[in-house]
Amino acid sequence: MQSATPQTRDYIPTLNSGRMPGIRWRFFRLLFVLFSLGFLMLGGAEVQLLYRQALDDYGEKALAISRMVATLPQVKEHLTRKDAVQVINPLVNALQKQVGADFIVVGNRQGIRVAHPLPDRIGQPMVGGDNDAPFAGKEIINTATGSLGDSIRGKVPVYSSAGTVIGVVSTGYLLPNLRSLALQVALSLLPWFGLSLLMGLLGSLWVGGRIKAAMHHLEPEQIAALVDQHRTVLDAIEDAVLVVQGGVDVVLMNPKAAGYFADAVQLPFSLAQVWPEVLELLQGERVQNAPVNLVGVPVLVTVYPMNGQQVVTFRDQRAIMQVAEELTSVRRYTNLLRAQTHEFQNLLHILAGLIRLKDYDEALQLIQQQNTEHTEIQDALGDIQFPKLKALLLGKYAYAREKNVNFVLEPGSVLTPGWEQTHSDEILLITGNLIENALEAVVGQEHAEVRVFIGEDPEGLQIEVTDNGPGVPSELADSIFQRGFSTKGEHRGLGLSLVQQYLTARGGSLRHHRKEGRTHFLVGFPRVQRSDHAV
């Protein structure tokens, strides 16, 4: 079943084959890369931190062991004796195994090893170049390259019973072993990293799905294409378009609308400051073709509510009036031609009959009568210096004659050329609508008559159209200027509404009253300059 209200149909651009994966998988891959890089950075920092912490801890531990060895009685008593190696080396090697150090080396005052884990290094000078401080009586912790490799070592001087430095004890841990230990700690974190990565990726899939659902299941490229399409459409359409946020702030306008709000350079701007007349229409449901004034110009406004926003479109009624006038002109000329053709055929038939009857005097009198009537209307139009208006009045005159309505242009009617230059379309529309309404009111009744007066003074233009029809019922007197109101059926009721709205916007007036069996419509049109007429 077809919907009662047609809606916009559009084509969503499809993506090319071999395109990039969807937003969910792109989001997934991006997070995977970011998680991995983050883990590598954090893991590297963690390993480095653990390594530095291990250096500090094992350095303190090595120093404590060296202190303990340096205070052993066997070391202090035999270090200066010839049996130093036989006594100290077994003792220190056994102690090294117990404390877990990589090496404990004892050297004499000359820096010659008397104890070392490797027997072939005994009797050789100590390596590393860091014995000056211990021989000076200072304890140190440092890293150096010894005969076993790079190590963190704690060195302590050995004092004799007399208090002199007789040797040095060096306890150390090899750096490769410490690095391996830190790496093992870091590797133990891998399962937690994997779990975190898995949770993050699952979360990214869920978030990606939510984002895509919020974007109407469209990919970013499709949304960008639609945005380009919509902007092009907004730029192309002739109607002015605004999008209003919260009934107050304008957040979008197309070039046509921007022409009306030239001072509003930046968005958003408050609609209350530039067009307060339209705010009332933004408070309710959809509004279509509501007449509103915009900087003195009558426009038709349509409002579409949309999720807390309103799309406002409006059109200058002058454009509508121009189209209406063109349509009216076509219809007017058609009716004129039809009426003149019909009238001319009747006259020819009458003249032909009179000639066959050889009643030449009657035929001549008829010709003179027709000439007199045309002369009267031509004379009455003499002071109307507005060719289009004269054509309009002649057309109405011919149409009235066809409908057996006495159409009279009041003597003294006058219009100077200046009005044609400034208000041509408006005068034609107002005059045509009022005469058309008057003719419709009297057609079919006896002694039907429509009288028109057009005059001007320094204040402006006055138009009066009078008919002897039944008049406007008093209960409808206030309704006849409402848009869409008519007693003549559906799709009517536009002419008087347009006339009054335009006159109101221009400071003019439209009144009507009933007097002596006649209905009078009076139009007052102020004299204004063309520059005031422009937007």
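The model is predicted, so local features need pLDDT of at least 70 and side-chain atom pairs count only at pLDDT 80 or more, while totals for chains, interfaces and linings use all residues. Residues are numbered from 1 along each chain as its sequence is written, and side-chain values use heavy atoms, with hydrogens and water left out.

Reader: What span does helix α3 reach from its first C-alpha to its last?
Author: Helix α3 takes in residues 84-99, 16 residues in all. Helices here are DSSP runs of H or I, at least four residues; strands are runs of E, at least two; both are numbered from the N terminus. The expected span is 1.5 Å times one less than the number of residues. That gives 22 Å expected, and α3 comes close to it, reaching 22 Å.

Reader: Which residues of α3 are exposed on the face turned away from its buried side?
Author: Buried means under 20% relative accessible area, exposed over 50%, partly exposed in between (1.4 Å probe, protein chains only). The buried residues are Ala84, Ile88, Asn89, Val92, Asn93, Leu95 and Gln96. They cover an arc of only 165° around the axis, which puts them on the same side of α3; the arc is that of the directions from the helix axis to the C-beta atoms. The face turned away carries the exposed Gln86, Lys97 and Gln98.

Reader: Which strands stand at the edges of the open sheet?
Author: Five strands form this sheet, with mixed pairing, in the order β12-β13-β14-β16-β15. Two strands pair if DSSP finds at least two bridges between them. Each edge strand has a single partner, so one side of each is left without a neighbour in the sheet. The edge strands are β12 (406-409) and β15 (509-515).

Reader: How many bridges join β15 to β16?
Author: Strand β16 covers residues 518-526, and the two strands run antiparallel. Ser509 stands opposite Gly524 in β16. The number of bridges joining β15 to β16 is seven.

Reader: Is Ser66 buried or exposed?
Author: Ser66 lies in helix α1. Contact means heavy atoms within 4.5 Å, and Ser66 touches residues including Gly154, Val169 and Ser170. Its relative accessibility is 0%, so Ser66 counts as buried.

Reader: Which side chain makes a polar contact with the side chain of Ser66?
Author: A polar contact is a pair of N or O atoms within 3.5 Å; within protein, one must be able to donate a hydrogen and the other to accept it, and residues adjacent in sequence count only if both atoms are side-chain atoms. For Ser66 the distance is 2.8 Å. The partner is the side chain of Thr171.

Methods
Lists of a residue's contacts leave out its neighbours within four places in sequence.
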